[in-house]
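Here is a short note for a colleague who is new to this model. Please look over the chains before reading on.

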Amino acid sequence: MSVEELCQAVETGDQKKSKLLAQKLMDEGTDPLKIISSLIKVMGKIGDKFSRLEIFLPEMMMSGEAMSEVVQILSPHLKRKGAGQPKGRVILGTVKGDLHDIGKNIVKLMLESNFFEVKDLGVDVDSTDFIKEAETMGADIIGASSLMSTTLPHQKEIIDILKELGLRGKYKVVIGGAPTTQEWADDIGADLYCPDAGSAPKLIINLLKTTLKKASMEEMER
Amino acid sequence: MSNPYRLWEIQQRSNTGPFCDENDFLPKIFVPKLKEVIKKYEIKYDPKNPVPADDDLADRLWQAGWELFREVGLYNTDTHRIIKVSDEEIKEALYTASDRYWVGSGKDAVLWKHRQVEDTEPPFCIFSPDCTCSEELHYSMCLAFLKEPLLDGFCAPILEDSMGLKILSASPFEINGSTQHIYNLRLAAKQVGRPGVFLVAVGTAEHDSGQIAVSNNEWGVRTSDSRIIGTLTEFKTADTLFNRVVHCHQYGCYVGNLTGPIYGGWCGGSEGVAVVLVAYSLNGLCIYGANYNQHFPFHLNWVSNTTRELLWPIAVAGQAMARNSKLLYTSNGFANAGPMTEMLFYETACHALVSTVTSWHLWEMASARNKFRNRATPLEARIGMEVGHAVARQGMTREQANEITLKLLDKYESRAADAPMGVEYQECYDVATALPTQEHFDMYRRVKDELAEMGIEFPY
Ligand code: B12
């Protein structure tokens with residue numbers, strides 16, 4: 001009975017075993033933070049394997065689900081320790097007029113398995129719905145996927161409407177999808193462009209960190 | 001004759017089929033069943049032989065695809081219900097399907113027929129750059145493609161703007177762009193002397209409204225032309241797609257079912273892609289009433305299908321469908337490399353070779369990972385179609401095809417991940433005359449000579 005065994009169960013996507021082992025570890029009084037930090041490493045490994053297609057989407061999905069089960073068992077213990085906050089809250093969707101969702105779904109999986117809380121609005125999502133849902137969720141990030149030249153303008157539209165509503169500073173807007181580029185992100189004033197799902201969690205964490213740093217520097221200056 | 005299979009009985013199942021949460025459909029229904037049939041029918045990928053010659057494997061694959069389709073059904077993301085089709089219905093649809101269609105009109109009409117494995121009839125050749133393009137290049141690209149002698153059908157590039165205005169999907173700008181798209185096509189077809197040529201149009205219409213707006217036998221998409229209607233990867237559809245299905249059948253044009261099973265995605269590996277290709281063909285026939293299926297399986301990271309893990313499923317699925325049905329299906333090439341690179345020519349040649357020998361019709365060629373504007377030309381498609389005609393005419397066997405495929409793979413497979421992206425159309429074609437530059441043509445000729453040395457007997 002060890003954290004290693006649990007990691008292995010998560011890696012192989014064995015939900016039942018993962019749940020059982022997590023519960024036992026909790027009963028034995030193992031530090032939930034220690035478990036989480038091991039699991040982050042496991043998920044990183046799985047993500048890397050998937051990036052190289054040594055494993056495929058269904059396997060990554062199973063590991064992701066096994067991990068969610070574990071997190072559910074751990075979360076009351078984490079809360080008691082004042083930890084266990086998600087790394088960020090994300091509203092995710094494919095923009096209006098666009099039905100392509102494969103990339104977006106992979107991003108969702110990657111973020112969730114890296115301890116982000118994600119609300120997926122699906123495809124063909126109106127720009128105002130991204131914003132309304134972000135308001136309701138208290139999101140940190142709006143993630144918009146677009147796969148077509150004819151729907152890219154909606155990524156800009158989200159940012160424009162945020163500005164007009166005076167909400168631009170409240171959310172980080174992250175964009176992706178095959179036709180998007182850093183250049184396009186700069187043009188429309190997006191906070192971040194991610195070339196693929198694998199890099200998304202790290203890039204978003206960095207973005208949130210630099211924002212926090214900036215904010216605290218400003219605070220200090222004041 | 002074309003008879004959309006029990007159109008309204010099937011449509012109604014969007015409202016009466018079993019309910020399922022969308023998040024559960026793929027992981028809980030599709031994936032386990034797919035894994036089960038791969039095991040049950042002993043489907044095993046063999047990287048050493050990208051073109052297997054195993055009839056029994058082909059027949060088992062057919063069974064596996066059939067069972068997957070029957071058991072899983074197609075999920076409607078608008079109604080959250082699963083459309084299911086019974087064994088008896090699949091049999092009836094297959095029995096009543098036609099194995100040939102006259103497409104195009106007047107002197108340009110062509111008879112498009114079901115092919116067999118190692119068939120000596122050349123494949124039906126649909127040229128398509130599968131890319132978007134700038135407004136000022138659209139007409140020239142239409143001309144350049146329609147000038148191609150082996151072209152049986154054409155699917156033009158997608159306009160990004162019209163009258164200088166960016167096209168927005170599902171908006172009035174899209175209807176405007178769709179109109180411009182078909183007018184460009186009609187004029188180009190007339191100017192090259194092929195006014196009735198078979199068109200698959202219009203790609204600029206990404207929404208159903210754009211498609212419906214350009215159905216017109218005088219100036220628009222004719223009833224002798226075709227539309228392709230997507231199935232959402234994997235095994236899903238939506239009402240906007242059914243709007244097109246119903247419109248096309250009532251209008252009376254041909255329907256192709258567009259599917260892109262993903263290697264590395266929900267299908268898993270090569271075995272899964274192969275099974276799903278077969279299942280999608282039944283789905284196209286039974287649920288969209290499609291006259292043909294247009295398949296572009298692709299690699300999750302590379303958006304290409306010219307490496308062996310994708311060639312193998314193409315090869316076995318073709319054999320499965322040829323031996324067990326009289327359906328029509330096109331193999332849509334997706335290359336890693338971009339225009340005016342030798343790699344793109346090799347990739348296209350290889351994709352066309354494998355597809356033709358295993359019974360497919362050809363739809364060539366998306367290049368540069370199908371990602372960049374203006375980055376495709378008729379010349380790579382030409383080499384593919386020429387290879388298709390040559391290997392059919394010479395009666396190439398699967399064993400011979402396998403050998404040449406391995407040689408071709410040797411030339412480019414290791415560069416799949418960092419392939420050269422090449423140049424844009426206007427950099428390797430003369431925009432005014434719509435002809436390739438000398439440098440581009442010479443490269444094509446060089447590769448063609450090399451292919452001839454490998455044993456492909458081009459008639460010219
Ligand atoms: C598969 C595919 C389809 C499938 C989609 C199935 C589905 N459920 O999504 C089907 C067959 C249904 C389809 C339909 C259509 N398609 Co399509 N399709 C593609 C294709 C080949 C691959 C897309 C894909 O899934 N790639 C694999 C995934 C994993 O990659 P990805 O999406 O880029 O995502 C990765 C990153 O970009 C990033 N990412 C993505 N989103 C986000 C978001 C955030 C926040 C972050 C951080 C990161 C991120 O992470 C992902 C993982 O690494 C593309 C070509 C291409 N090169 O992209 C054309 C393409 C997008 N399609 C195109 C077209 C035209 C269509 C159709 C209109 C065809 C038709 N005539 O009906 C319809 C569109 C209907 C509509 N209104 O949406 C065109 C769009 C042209 C344009 N105007 O720009 C393209 C570009 C092909 C082309 N070159 O012409 N298509």
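The points below cover the contact between two chains and one residue beside it.

1. Basis. This is a predicted model: local features need pLDDT of at least 70, side-chain atom pairs count only at pLDDT 80 or more, and totals for chains, interfaces and linings use all residues. Residues are numbered from 1 along each chain as its sequence is written, chains are lettered from A and ligands numbered from 1 in the order in which they are written, and side-chain values use heavy atoms, with hydrogens and water left out.

2. Extent. Chain B brings 25 residues to the contact (heavy atoms within 4.5 Å) and chain A brings 21 residues. About 2000 Å² is buried between them, 68% of it on carbon and sulfur atoms. Buried area is the accessible area (1.4 Å probe) that two parts lose on being put together, summed over both. B:L168, B:E206 and B:W266 supply 22% of the area that chain B buries against chain A, more than any other three residues.

3. Salt bridge. The count between the chains is 1 salt bridge (a side-chain nitrogen of Lys or Arg within 4 Å of a carboxyl oxygen of Asp or Glu). A:E59 pairs with B:K35, and the closest N and O atoms are 3.3 Å apart.

4. A residue to check. B:E160 touches A:S149, and its contacts in chain B include B:K166 and B:R373, not counting residues up to four places away in sequence.
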